[in-house]
Amino acid sequence: MRTPRPALLLALCAAGSLTACAGEPATPQDVRVQAGSQDVTAAPTQYCLDGEGQRYSARPPVVEVSPDTTITLTVPESIAERGWQVQVFDESLEELIGEVDVPAGTERFDGISSSDVVPPAFYLVVVEDAGGDCGEFTAAWPVGFLRAGGDLGS
């Protein structure tokens, strides 16, 4: 197999034919979640890929946490550059309880504790800021948390 010449790669990048040239990944990237000794990854349930919004049937991970456990969320560099926030939802992912803005350019955020949310079972959803190649459609990574005494239902 021949290796593409640099001039050809530059032409393809200029024409927008290669997603990786724009700094965008060719596949959806995961978000890393750390709470206490647990370290898991969350796949997106929706993601902008090649300028089109994609939805996935990824099952959000559920992390059991003790009270006052620091929750650390780490996003891909491309999401950090665009900007993101954390949305807090109830145990059934239906009611928005609150939002936490993350400073622009931040890849790793540890400003949330398991005791910051009143219900003992809740979801944190990492949400990319709107305005990328997909306009208002943004990437989202939900993660369930279960503090002692909580129930995320079925």
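Select arginine 32 and threonine 74: arginine 32 stands opposite threonine 74, which belongs to β6. This is a predicted model, in which local features need pLDDT of at least 70, side-chain atom pairs count only at pLDDT 80 or more, and totals for chains, interfaces and linings use all residues. Residues are numbered from 1 along each chain as its sequence is written, and side-chain values use heavy atoms, with hydrogens and water left out.

Next, select residues 31-35 and 70-74. These are strands β1 and β6, which run antiparallel and are joined by four bridges. Strands here are DSSP runs (E, at least two residues), numbered from the N terminus, and two of them pair if DSSP finds at least two bridges between them.

Now go to cysteine 48 and cysteine 134. They form a disulfide (a pair of cysteine sulfur atoms within 2.5 Å), with the sulfur atoms 2.0 Å apart. Cysteine 48 lies in strand β3 (residues 46-49) and cysteine 134 in the loop between β10 (121-128) and β11 (140-147), so the pair ties together parts 86 residues apart in sequence. The link is right-handed, with 80° about the S-S bond. Both cysteine 48 and cysteine 134 are buried, meaning under 20% relative accessible area (1.4 Å probe, protein chains only).

Key: Buried means under 20% relative accessible area, exposed over 50%, partly exposed in between (1.4 Å probe, protein chains only).
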